[in-house]
Amino acid sequence: MTALKQRIVRLIEALGPISVAEYMALCLSDPDYGYYTTRDPFGAAGDFITAPEVSQMFGELIGVWLASAWQTIGSPSDALVVEIGPGRGTLMKDMMRTITRVAPPLRNQASFHLVETSPRLIEVQASTLAGCGEFTWHEDIGELPDRPLLVVGNELFDALPTRQYVRAGAGWRERVVGLDDRDELQFYAGAGSIDAVLLPPDADAAPPGAIVEVSPARSALMTKIAERIATRSGAGLFIDYGYVTPGVGDTLQAVVKHAYDDPLAHPGEADLTAHVDFAALASVARQAGLQPHLLTQGEFLLRMGLLERAGQLGAKADEGTRERIRGEVERLAGPQEMGDLFKVMAVLPAGMRVEPFLD
């Protein structure tokens, strides 16, 4: 039993079952034993590999997009370039290198910021970014200066706590984590319910035991971001795995050492995520007066010039390197890899268009 599991068991014994959202928050962010507060989970030696760790091309193309977005909003000299949930700092490093090359005025005039709550990961990010420029770290986006905001989040929303509701009879009850007769963690249907307007269109046809997911935490973060962009101008780009049409389904998953795990088995030692409802995030952006635009990751990267960049990198390389680059392209954009499952959402001031989001 992990140390965090012992803590959760004692909490449930004292106060009763906890929501899935509370369980996720404890597993990922507990100050002493949380997954992100105690380790560096990224890369081949960790538990999972994110797109920036797959290839430098991912961050380079996002850097190009940010430079284009900056020009579209009028090239403000006091812009902030911000990454929320910056992992090991690899994406920011690749973006910085590209911005320096394609948009020197943005590189020279903007200030660069990272929003991170994990002291352990801040150390890793600082090491990765050593020699790349000046950076300021924040625990919350509310600490950012009140200036035009160019913001990126890669695999950000999937790790925010998600509430689950289970079909029980004619209604829906909040799914909770409690204890069985052996004091093992177990999912149950709790007493809480959900407003019917929050249910997906196919909820009425769902069988008993079906799951729907709602994430107030994701909506709250998008609200903060969207309101800042609406007030001071800017642009946001968010990449995550998820779905465009809300529906019934349990997407809560745990990953340890690149393999799926029981979400209740190893609290604090496994990554917990749930698929992102992009329709809900888009709705929040619209409510703030912004216009959301959505593509699959494959569409976004290919339209931004992934194949051309791969050709540049491979032009003078040996065959082994070219084969590696071909594999990176397939991993990032292939429909059976990250290309279709991952979505890219841009949020922009109404009336503004930034390639490749031109429709």
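1. Strand 2 is largely enclosed by the rest of the structure, because 5 of its 5 residues are buried. Both faces are covered: L80, V82 and I84 are buried on one side, and V81 and E83 are buried on the other. In a regular strand the side chains alternate between the two faces of the sheet. Please keep in mind that this is a predicted model.

2. Strand 2 has pairing partners that can be named. With strand 3 (residues 111-115), strand 2 pairs in the parallel sense over 5 bridges. With strand 5 (residues 149-154), strand 2 also pairs in the parallel sense, over 4 bridges. Strands of a sheet pair through backbone hydrogen bonds, either parallel or antiparallel.

3. Strand 5 is mostly covered, with 6 of its 6 residues buried.

4. A separate item is the open sheet of 3 strands, whose order is 12-11-13 and whose pairing is antiparallel. Its edge strands are strand 12 (259-261) and strand 13, each of which pairs on one side only. From one strand to the next, the twist averages 40°. Strand 11 (residues 253-256) and strand 12 run antiparallel and are joined by 3 bridges. In one of these pairings, A254 has D261 of strand 12 as its bridge partner.

5. The largest pocket holds about 820 Å³ of space. It is lined by 41 residues, and the closest to its centre are G85, T117, L156, A159 and L160. Several elements give two or more residues to this lining, among them strand 2 (80-84), helix 6 (90-102), helix 9 (216-232) and strand 13 (271-273). Helix 2 (20-29), helix 3 (35-38) and helix 4 (51-54) also belong to that group. By type, the lining residues divide into 20 nonpolar, 11 polar and 10 charged. Rolling a probe the size of a water molecule over the atoms shows where empty space is left.

6. Is G178 buried or exposed? G178 has a relative accessible area of 1%, so it counts as buried, the cut-off being under 20%. This residue is found in strand 7 (residues 171-179). Leaving aside neighbours within four places in sequence, G178 is in contact with I12, P17, E184, L185, Q186 and Y188. G178 and S29 are 149 residues apart along the chain, and their C-alpha atoms are separated by 20 Å.

7. Which residues does E328 contact, once its neighbours within four places in sequence are left aside? They are V54, S55 and M57. E328 is found in helix 13 (residues 319-333). Its relative accessibility is 11%, and because buried means under 20%, E328 counts as buried.

Key:
Residues numbered from 1 in each chain as written. Predicted model: local features only at pLDDT ≥ 70, side-chain atom pairs only at ≥ 80, totals over all residues. Heavy atoms only, no water. 1 Å grid on protein atoms, 1.4 Å probe; cavity = no way out; pocket = protein on both sides within 12 Å on 5 of 7 lines; lining within 4 Å. Points joined across faces, edges and corners; volume = space filled by probe spheres on them. Nonpolar A, V, L, I, M, F, W, Y, C, P; charged D, E, K, R; others polar. Pairing = 2+ DSSP bridges. Axes fitted to C-alpha atoms, helices over the stretch in contact; angles between N-to-C directions. Buried < 20%, exposed > 50% of the residue type's maximum accessible area, 1.4 Å probe, protein only. Contact = heavy atoms within 4.5 Å.
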